[in-house]
Amino acid sequence: MAVFKVACMLVMCMVVVAPYAEAAISCGTVVGDLSPCLSYLRSGGTVPGGCCNGIKSLNGAAKTTPDRQTACQCLKTLAGSMQGLNFAVASALPRKCGVNIPYQISPTIDCTR
C-alpha cells in the first residue's frame, strides 16, 4: 500500500510540474506569428492587420513561464541578428495591437525572469 501511495504522489507531482518543465511553443511559431510585422518594425507607419493577429496569437499561445521564456529568447535572438529594427516601434507594438505585456521590449531584456 505504501508503494501505491508513493507512486500516486509521483504521478501528481509530474502532472503539476510538467507544464512548467518544457515549452510547447517553438521559435518557428514565434517567427510565423510575427513575420507580418517585419516591415512595420523597420519603418513604422500603420500596423498591418496580420501583424496584430500574429501578436495576439503569440500572446495567447505563450501562457506558461517556459513558453514566455522561449518566445522571449527567440525574439531576442532574431532581433540581434536583423539589421534596421526600430526598438521604440517594437516596444509600442503590443499596446497598438491591444495586447498588454508586463515588461519593456528591448534587445537587453532578461528572458529568464
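**Close-up 1. Contacts of leucine 41 in the predicted model.** Leaving out residues up to four places away in sequence, leucine 41 touches Gly84, Leu85, Asn86, Val89, Ala90 and Leu93, where contact means heavy atoms within 4.5 Å. Leucine 41 lies in helix 3, helices (H or I, at least four residues) and strands (E, at least two) being DSSP runs numbered from the N terminus. With a relative accessibility of 17%, leucine 41 counts as buried, given that buried means under 20% relative accessible area, exposed over 50% and partly exposed in between (1.4 Å probe, protein chains only). Between leucine 41 and asparagine 86 there are 5.7 Å from C-alpha to C-alpha, although the two are 45 residues apart in sequence. This is a predicted model, in which local features need pLDDT of at least 70 and side-chain atom pairs count only at pLDDT 80 or more, while totals for chains, interfaces and linings use all residues. Residues are numbered from 1 along each chain as its sequence is written, and side-chain values use heavy atoms, with hydrogens and water left out.

**Close-up 2. Valine 89 and its partners.** Valine 89 has its place in helix 6 and, at 15% relative accessibility, counts as buried. Apart from neighbours within four places in sequence, valine 89 is in contact with Tyr40, Leu41 and Gly44.

**Close-up 3. The largest nonpolar core.** This core has 21 residues, and those with the most contacts inside it are Val30, Cys37, Leu41, Val47, Ile55 and Leu93; a nonpolar core is a set of buried Ala, Val, Leu, Ile, Met, Phe, Trp, Tyr and Cys residues joined through side-chain atoms within 4.5 Å. At least two residues of this core are supplied by each of helix 2 (27-34), helix 3 (38-43), helix 4 (49-61), helix 5 (65-81) and helix 6 (87-96), and the largest share, four residues, comes from helix 4. Valine 47, not counting residues up to four places away in sequence, touches Tyr40, Cys52, Leu93, Lys96 and Cys97.

**Close-up 4. The lining of the largest pocket.** The largest pocket has a volume of about 1100 Å³. On a 1 Å grid over the protein atoms alone, a pocket is an open set of points where a 1.4 Å probe fits, with protein on both sides within 12 Å along at least five of seven lines, and lining residues have an atom within 4 Å of a point. Of the 41 lining residues, Ala71, Cys72, Leu75, Tyr103 and Ile105 are the closest to the centre of the pocket. Helix 2, helix 3, helix 4, helix 5 and helix 6 are the elements that give two or more residues to this lining, and helix 5 gives the most, with nine residues.

**Close-up 5. The salt bridge of arginine 113 and aspartate 110.** The whole structure holds one salt bridge, a term for a side-chain nitrogen of Lys or Arg within 4 Å of a carboxyl oxygen of Asp or Glu. The side chains of arginine 113 and aspartate 110 meet in a salt bridge at 3.5 Å, N to O. Arginine 113 counts as exposed at 80% relative accessibility, whereas aspartate 110 is partly exposed, with a relative accessible area of 39%.

Terms used
Points joined across faces, edges and corners; volume = space filled by probe spheres on them.
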